[in-house]
Amino acid sequence: SGIILCIRKTEEILKSEVIENGRLLYVQTRNIASKEILNVFSVYLKSSNSLKQREVIGLLREKILNDHSIQVNNIIIGDFNFVTSTLDRNSQCLNRIDSETGKVWCPFESEINIQDSFRITNTCRRLYSYNSNRDKRISSRIDRIYVSSSLSSRILSSVFIPNKVSDHKIIKVRFALKIDKGPGMWVFNNQLLKNSVFTESIKAI
């Protein structure tokens with residue numbers, strides 16, 4: 001297993017760390033022109049092993065919270081090897097790994113306030129990033145890019161690009177570099193609906 005992050009020359013690398021060899025990599029960048037700082041995490045979770053997946057998610061959570069990275073925009077890119085929605089499997093149901101790892105991932109999403117970039121512009125669409133070469137019946141969207149909610153209004157589109165060397169597609173997300181001032185569009189983080197504290201506080205209003 002292994003992961004790699006390629007950073008454009010328009011970005012200055014401020015920090016970098018291999019948190020878990022072959023599984024979790026962290027880079028903090030600053031755009032040379034705009035001075036925008038981003039925390040970028042590359043993740044590769046072990047397939048068919050929820051315990052190992054949850055261990056890496058724990059390391060990711062620890063890094064973000066201990067470094068106060070929640071105060072900076074985060075982008076988390078990876079092959080997660082699990083999904084959180086039945087829309088993301090052609091079987092239209094979650095498997096055991098999805099259910100077990102999702103119990104840790106979904107609260108984590110809410111805690112650090114991140115959103116699935118694809119679902120921001122494709123609420124109910126079925127599109128798969130992985131089509132198994134070994135079993136043509138298996139397709140899923142286990143490859144995802146999560147962004148801080150403060151970046152959500154800048155997501156323009158997500159494109160999945162097939163390639164000849166892998167049964168995983170390349171994911172390309174287009175961001176708006178600048179948002180014009182005005183009323184804009186407010187985007188609700190629907191992951192909060194899975195947070196019992198949030199839902200109970202709304203009921204009490």
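A: A charge sits over a ring if NZ of Lys or CZ of Arg is within 6 Å of the ring centre and within 35 degrees of the ring normal. Here R144 lies over the face of F82, at 5.1 Å from the ring centre, and the charged end of R23 sits over the ring of Y44, 4.7 Å from its centre. This is a predicted model, in which local features need pLDDT of at least 70 and side-chain atom pairs count only at pLDDT 80 or more, while totals for chains, interfaces and linings use all residues. Residues are numbered from 1 along each chain as its sequence is written, and side-chain values use heavy atoms, with hydrogens and water left out.

Q: How many aromatic pairs does the structure hold?
A: Rings of Phe, Tyr and Trp (its six-membered ring) pair if their centres lie within 6.5 Å, and planes under 30 degrees apart count as stacked, over 60 as edge-to-face and the rest as tilted. The structure holds eight such pairs; among them is the edge-to-face pair of F80 and Y146, with 5.4 Å centre to centre and 85° between the planes. Ring pairs also link F80, F82, W105, F108 and Y146 into a cluster.

Q: Is F80 buried or exposed?
A: Buried means under 20% relative accessible area, exposed over 50%, and partly exposed in between (1.4 Å probe, protein chains only). F80, at 0% relative accessibility, counts as buried, and Y146, at 1%, counts as buried too.
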